[in-house]
Structures are given as structure tokens and as C-alpha cells.
Amino acid sequence: MDVDFTPEDIAFREEVRSFIEENYPKHLGSLDRGDMTKEDLLAWHKILHTKGWVAPSWPAEFGGTDWTVTQRYIFNEESARHGTIPPMPFGVQMLGPVIYTFGNQEQKDWVLPGILSGKDWWCQGYSEPGAGSDLAALKTKAVLEDDEYVVNGHKIWTTLAQHADWMFCLVRTTSGEKRQDGISFLLIDMKTPGITVRPIITIDGGHEVNEVFLEDVRVPARNLVGERDKGWTIAKFLLGNERSGIAGVARSKKAIDRLREIARGELENGGPLLSSADFSRKIAELEVDLTALEYTELRTLAAESQGQGPGPESSILKIKGTEIQQRITELTMEAVGNYAAPWVPQLDVGDNYLAIGPEQSHGVSQTYFNTRKTSIYGGSNEIQRNIIAKMVLGL
Amino acid sequence: MDFSFTEEQTLLRNMVQSFVSDNYDFDMRMKIVRSEDGMDRAIWQQFAELGLLAAPFSEEMGGLDGGPVETMVIMEELGRGLVVEPYLPTIVLCGGILNRHGSAAQKEGHLPGIIAGENIWALAFNEPQGRFNLADIVTSARAEGDGYVLNGAKAVVLGGPWADKLIVSARISGDQRDRDGVGLFIVDKSADGVSTQDYPTVDGGRASEVTLENVTVSGDAMIGDAGSGLDILEEAVDYGIAAICAEAIGHMKMLNDATVEYCRTRKQFGVPIGSFQVLQHRMVDMFMEYEQSVSMTYMVNMKLNEDAAARAKAAAGAKVQIGKSGRFVGQQAVQLHGGMGMTEELNVGHFFKRLTMIDTQFGNVDHHLKRFAAA
């Protein structure tokens, strides 16, 4: 048992750190996520692509890196320390592995380069109004007519679909006896006639998610990934990948650093809030929980590097990771006291907006409200507990 | 022992409830919140006509002589409608201060305008550095002639943009956090030297940052004795706490009902999600949090008239309960509604946001736990 980094790892950390410091676009640091354009969101992605670092987890033959698990961990940690915008997960984290695992050669040739370069922005057409936690209940239908699928249906919670060039979409191609059968995995060009994207504004005032309506959308049959009617296997594979990395340990560490900084600047009875025994105890509790999660994640990574894929244990990372993220944002909002009240929905911010209260209080309530989504998305935390109960405990 | 409401109190509840359901549905509420003014003056006038603005004031002032229980009933029903109009700052906080501590001239001069719905008031007691400590006051009141000159900054003054009158806490003497030496002053918002920066708040309300620059007030603008302002302010805040506890149980009741109904009808895996035991137990926990909050709300409203120490302990305890319960009920209502709970379109998120702000308003759980322990 050994958790020390080798000299090679330490040198690698230095290399990553200085690359980020020298190349991360300065103007991104001062922008709120909600105010960013598509170009802003992709700026770092494109720089990483040029460097060859945009998809560290992919096999090298498809454009990934040959990094060890430890190196990938170090890269994530350094990225979080700097607060970089991660490469868009829909392509790199979700679809890429599906394509190089299940796609045919033609699909590998046109999908993977577009993901890596950032030319193609993907969105995830999974959830439907009647199919959330119960994804297999999905009803969007695709009927084969000659060499085209004609798709009709309604997707919801489609993150950043407003920017998307393409959508990977679960559709029902056969109504079989077992609901998991008859689902297929289809790649749909968002410019196809019949697609309407409607924004959903969330309680933090932001526009991240959308509804996508599909009305007689014609999709070439060659855009089917894997076997027809066997898409459920792909869907589950993708969800497994979605969960890995969801722990967000490095970003939570950074958020706790920021919380401590805020608490140092906030006053309580003339002294820094950070000196309050109650408040510093709450930060300490968070840090202990985060340390436990970090080592749980490291154990998972170590197992992964010995060839064991992310199993149902990754549900632990999702549950604990999101709970910690929610507690950090809650405590950060608590830190700013009365200045949690001003409301600056990202959508309405104009040039004439004057900031209210100290700078460190800006947006903390919005972040708290936004982060409530994390225990709902990617398989709600209740569903994750069901997975552990069934798959790990055998109940 | 009797926890029942009188016939008059029940009639009052029914009246407010039907007014809110007839005139203040969620769509209407959001229209008001998004309007330029952020409140509906016509609704405020109707409150006056219904006697809601007169409820806690004495009959000789044209009031209805109601007590804490009447205010509690009104606030709970306004809470069910997520009403944003400034009942709390105008009637409960400032009206309450004038009613309990105003001179005869101050009462006669100001209460009729409040009761008629002609004037809106806001209590400017927070300061940027003060967090939840009511005594942490930098704003100064310097005696000059027979009056005072005020200088300083007041933070997050709820209802400030709508107000024409403010009650401002300012330091006449002593050090920044001394209990003694605090005065409460009636200030015209239009007076020379008063400037405001107005903004919307998380919970659909409006607030102001208020700057006072050499604002002169006459001696009779001061409420109570010179230097005893903190006692009056603490008492007002405890009345405010009792009122927002009632508002919060209105929110929680609405959230719990909506959540149970949603889980009864929302189907996944071929069955209503309410059939899952883990969600049933969650809703039971939400229900228990609500019941405990109702109990603490009744408790504090019955103890408002006791001596300052007993009142403070009751208010601190109730605020802790409401802070914790409101957080749990709000978070779980969103969680059980799934993605829908995260949307601006559904009222669930708006109740959650108001409950979140109630936890901060007048001091959060930590603040009142310490106060409870010290009381």
C-alpha cells in the first residue's frame, strides 16, 4: 500500500501546472459560467486539443493519451486547482467511449475527430417527460423508412442543447415485451428539419437545460450506433462512464479553499467568520468527508488501473460527491450572511447592473440553488442507492 | 391549555385564504414579481380595505386590536400564496415599533397612513459589516440642535424600494457593538442625503442598500428614549421572527401537499413513485418537520408578550427550528419533484427559495442557537 507519488509523477504535475498557467485564457477567469458564449466554453477545449490532452481517458489510438491512472488524476487535480472549464463532457466523456467501443469504422472516423477538436458540440437525448429515473420507459419513436429513421418524440433536461450541433439519442425502434429491448442509439444532426429546442429556466435563473421536440425528423440509417434494438447496453455503458469523475473531488477541494477565503473576509462581531468555532468546525467536517471520498476514489482508480472497470461502487462517488458539493455551496451561501439575498439572474444581467454587497458574495445563492440539481441528475441519488443495494449488497 | 382558534380568528384565516386564492395565484404572483415595481399597489389597497393592515393596531388608532395570533394567522396564509407585498416590514416590524413605543404624536402621525395603505415602511437595521448582530452599528447619529444628523450605510433593507418611510438604527454613543447608545429614527426616504440602490432578492422581493449622508432629523423623529433603541429593535425582530415562522409553515404546508400529490401521480417503473418506501419515509420526515415547526410557531407567538429574556429564548428556539425544517422541507420537495422541482415554472422552487431566505433573515440557525444557549 502506497499513496506517494513517484518522481515521474511529480515532474508530470509540474509540467501540467505550468502548461495550464501559461496557456489558460486569462479572460475566462473573470467570467461567470452563465455569461459564457459557446466560444468561451470551447476555448480551453481547443487549446487542450492542440496539445493532445483533451481526452486523457481515451486509448491513444483514438486520440487519447497514454497516461497512467495516476497521471490522469494529477491532470484533473491541477485543472481543478486552476478552475479550468473542463472539455465538454457530452462528447469527450460520454459519446467518445461509446463510439470507439460500439461504433463502426466509418463512425469512428467522423465522430471522434469532431469531438476532439471541438468542432462538433454534442448533447444527450436521454430523459423524457415520462422517463427520468426510469429511463427504459422512453417513448421517442424511430421508424425505419427506406434508409432513414423517422423520429418523433420529446426529450427533456437536455443540457446545453442550445449550443449543440449533434445529439446522441435513445429511441424506441421496437415495442417489445421487455422495455429494455427495442431501444436504439441514434446520432441526430440538430440542424435536421423538425427539431425544436425550447429553453427551461431553472430556479437559479440560468438556462442550461432544454426540451427538445422531434417531429418527423429524418435520420440516415447509418447514424445508428451498434445493433438496432440493442441500444440499452450502450445506454448503460454510457451512464457508467458518466458517473466516473462525478465525485468532483479536486473541484470540491478548490471550492472549500474558496469558502475558507470568503469566511476569512466575512466579519462576525468584528472578527473574521473563519475564527468562529462553529463555522470552522463545519468546514472541517466537510474536509474530513471530502478526504474520505478522495481515498475512496483513489481506491476505485487503483482498481481501474488493474483492469477492473468502474463497477456499481461508482454510485458511492456520485452520492457522496454530490452531497459534498451541495454542502459546500450551502455553507458558502451561509458565509455571506445577509448578502445571500440579492438576486442577479444571469439572464437579466445588463450593462447597467451595479453589483450589490461585497464581491465574494456575488452569485453564491445562485450556485447553491443550481447545485440542487446534482442529486437529481445522472441517476438521482435515490436510484444510486438502489443500484448499490441491488448490485453490491445483493438485496 | 387550548390551542384552538377563536371564531374571529378562523374567520380571519378564511378571509385571507380566499382572498389569496382568488387574487394571488402563482401566475399572478410571478407577474407581480417580474413587474417593474415588484409589488401590486392595488393588492395593498385591498389589504387595507379588508382590514389586514389594521389588524395589530389599537382601536383608538383605527386598528382592530389583534394580537400575535392574528398576525400569525395572516402571515401563514400570505405564506401559502408566497405574497411579496410588504406586510412584514410595514405592519409587523415598523408598525409594531410605532405601536408599542411611538409617542402619541408619532402614532397619530403615522399609524393612520399605514392602516389606510397610504404609506409603506421599511426597517433599516442591517449593516454591511454587522452580519446578524443587531448592535453592530457604525451608522452614527450626532446630536445637533434639538435633532440629529445621521451618517452611514444600511444593508439589505427589505421592502426598501417600495417604502416612503424608514426606521433606521443608528449609534448615538458608545462603541461599535455596545448594547447602549443606539437610537431608532424615523427617516423620510425622500429626505436630503438619503440615497438607495434597489435590487430584487432571491425570494421574489425587493431590497435596498441605503446610504445616509448628513441626513438631518428632528428630535421627535426618535422612537423611545435616547440610547434604548436596541431593546426596541430586538423586540421588533422577535416579533418579525414569530411572523416569518408563521409564513414559513404556510410554505412548508404547500410544499408537503404538493410533494405528496406529485408522488401519488408521478409514475416510474410502472407505479406511482409514492409507493416506494424510501420516498414515503422522506415525506413522513417532511411532515414531521412541518408539525414541529407549527408547534414552535405557536409557542413563540404565545410568548411574545413575556419578559425580554423569555421572549428572546422563545424566538431564538423557534428560528432554529424553522431554519432547519425549512431547509429540509424545501430541499426534499425539490428533490422529490426531480427535474421539475428545479424549474422556474413550478412554484416548488419559489417556496424553496423563500424558505432559504427565511433561514438567513433575522439571523440563521447558528446565530440563534448561540442566542438560545445564552438566553
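Visitor: What makes the crossing of α8(B) and α9(B) left-handed?

Guide: In this predicted model, α8(B) passes α9(B) in a left-handed crossing. The term applies because the near helix is turned anticlockwise from the far one by less than a right angle.

Visitor: Why is α8(B) called roughly antiparallel to α9(B)?

Guide: The axes of helix α8 (residues 277–303) and helix α9 (residues 308–337) of chain B cross at roughly 155 degrees and come within 9 Å. Angles over 145 count as roughly antiparallel, so α8(B) is roughly antiparallel to α9(B).

Visitor: What kinds of residues make up the contact of α8(B) with α9(B)?

Guide: That contact divides into 14 nonpolar, 7 polar and 4 charged residues.

Visitor: How many residues does the contact between the chains take from chain B and from chain A?

Guide: Chain B gives 34 residues and chain A gives 33 residues. A residue pair counts as in contact if the C-beta atoms lie within 7 Å.

Visitor: Which elements of chain B supply at least two residues each to the side that touches chain A?

Guide: They are β3 (147–158), β6 (194–200), β7 (206–217), α9 and α10 (347–360). The largest share, 4 residues, comes from α10(B). By kind, the side of chain B that touches chain A has 12 nonpolar, 15 polar and 7 charged residues.

Technical notes
Residues are numbered from 1 along each chain as its sequence is written. Chains are lettered from A and ligands numbered from 1 in the order in which they are written. This is a predicted model: local features need pLDDT of at least 70, side-chain atom pairs count only at pLDDT 80 or more; totals for chains, interfaces and linings use all residues. Axes are lines fitted to C-alpha atoms, for helices over the stretch in contact, and angles run from 0 to 180 degrees between N-to-C directions. Angles under 35 degrees count as roughly parallel, over 145 as roughly antiparallel, 65 to 115 as roughly perpendicular and the rest as oblique. Ala, Val, Leu, Ile, Met, Phe, Trp, Tyr, Cys and Pro count as nonpolar, Asp, Glu, Lys and Arg as charged, and the others, Gly among them, as polar. Two residues are in contact if their C-beta atoms, placed from the backbone, lie within 7 Å.
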